[in-house]
Amino acid sequence: MQIVKCKFNFEECEKRIKDQINKIGATIFCEIDHKKNLEAFGLKLDKSKVIFFGNPKVGGLLMQKKIEISYDLPMRVAIWEKEGEVFVGYRMPSEIAKEYNIEADVIKKMDEAVLSIIEVIKG
């Protein structure tokens, strides 16, 4: 996983990521709010979310090549706050595809999409 420090507060970082996901035409499938989920069990955690996103048509092409990649799809970004700073973690689609020995022209476009999301949080 690659980690980037965000120059914005947690809420602005999350907003910028979601806006960029929508701008590139991807779908946000779900998000997991770890802080909120742990509070239900009396546990404390700094802000932490994972946003799952993708394009079913694109992911479908990869799954047709090797269904096992479905374990790592859809794509995701993790956002967390630690000691007042905000970080974003992600994996490049090409790294994931390499693990499954998948080659496809669409992977380069997927990498570009993920990089465009990361660029908007650098400020």
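**Briefing: pocket, helices and a buried lysine**

The largest pocket has a volume of about 380 Å³. It is lined by 22 residues, and the closest to its centre are Gly 54, Asn 55, Val 58, Gly 59 and Met 110. The model is predicted.

**The pocket and helix 3**

- Three elements, strand 3, helix 3 and helix 5, each give at least two residues to the lining of the largest pocket.
- Helix 3 covers residues 56-65.
- Its buried residues are Val 58, Gly 59, Gly 60 and Leu 62.
- These buried residues of helix 3 pack against helix 5.
- Asn 55 caps the N-terminal end of helix 3. One of its side-chain oxygens lies 2.9 Å from the backbone nitrogen of Lys 57.
- Asn 55 is also among the residues closest to the centre of the largest pocket.

**Helix 5**

- Helix 5 runs over residues 106-119.
- Its 14 residues should span 20 Å at 1.5 Å a residue, and the end C-alpha atoms are 20 Å apart, which agrees.
- Buried here are Val 106, Ile 107, Met 110, Asp 111, Val 114, Ser 116, Ile 117 and Ile 118.
- Met 110 is one of the residues closest to the centre of the largest pocket.
- Glu 112 also lies in helix 5. Its relative accessible area is 45%, so Glu 112 counts as partly exposed.
- Tyr 90 is 22 residues from Glu 112 along the chain, and their C-alpha atoms are separated by 13 Å.

**Helix 1**

- Helix 1 takes in residues 10-23. From first C-alpha to last, these 14 residues reach 20 Å, close to the 20 Å expected at 1.5 Å a residue.
- Phe 10, Cys 13, Glu 14, Ile 17, Gln 20 and Ile 21 are buried in helix 1. Seen down the helix axis, they fall within an arc of 135°, so the buried residues line one face.
- An α-helix has 3.6 residues a turn, so residues three or four places apart point the same way.
- The buried residues of helix 1 pack against strands 1, 2, 3, 4 and 5, and against helix 5.
- At the start of helix 1, a side-chain oxygen of Asn 9 comes to within 3.2 Å of the backbone nitrogen of Glu 11.
- Gly 25 follows helix 1 and has a positive phi, near 85°.

**Lys 49 in strand 3**

- Lys 49 sits in strand 3. Its relative accessible area is 13%, under the 20% cut-off, so Lys 49 is buried.
- Its side chain makes a polar contact with the side chain of Glu 14 at 2.9 Å. Glu 14 is one of the buried residues of helix 1.
- The Lys 49 side chain makes a polar contact with the side chain of Glu 31 too, at 3.2 Å.
- Leaving out residues up to four places away in sequence, Lys 49 touches Phe 10, Glu 14, Glu 31, Ile 32, Asp 33, Val 77, Ala 78 and Ile 79.

**Val 77 in strand 4**

- Val 77 belongs to strand 4. It is buried, with a relative accessible area of 1%.
- Not counting residues up to four places away in sequence, Val 77 touches residues including Ile 17, Lys 49, Phe 53 and Tyr 90.
- Val 77 and Glu 31 are 46 residues apart along the chain, yet their C-alpha atoms are separated by 9.6 Å.

Conventions. Residues are numbered from 1 along each chain as its sequence is written. This is a predicted model: local features need pLDDT of at least 70, side-chain atom pairs count only at pLDDT 80 or more; totals for chains, interfaces and linings use all residues. Side-chain values use heavy atoms; hydrogens and water are left out. Helices (H or I, at least four residues) and strands (E, at least two) are DSSP runs, numbered from the N terminus. Buried means under 20% relative accessible area, exposed over 50%, partly exposed in between (1.4 Å probe, protein chains only). The expected span of a helix is 1.5 Å times one less than its number of residues. The arc is that of the directions from the helix axis to the C-beta atoms. Contact means heavy atoms within 4.5 Å. A polar contact is a pair of N or O atoms within 3.5 Å; within protein, one must be able to donate a hydrogen and the other to accept it, and residues adjacent in sequence count only if both atoms are side-chain atoms. On a 1 Å grid over the protein atoms alone, a cavity is a set of points where a 1.4 Å probe fits but cannot get out, and a pocket is an open set with protein on both sides within 12 Å along at least five of seven lines; lining residues have an atom within 4 Å of a point. Grid points are joined across faces, edges and corners, and a volume is the space filled by probe spheres set on the points.
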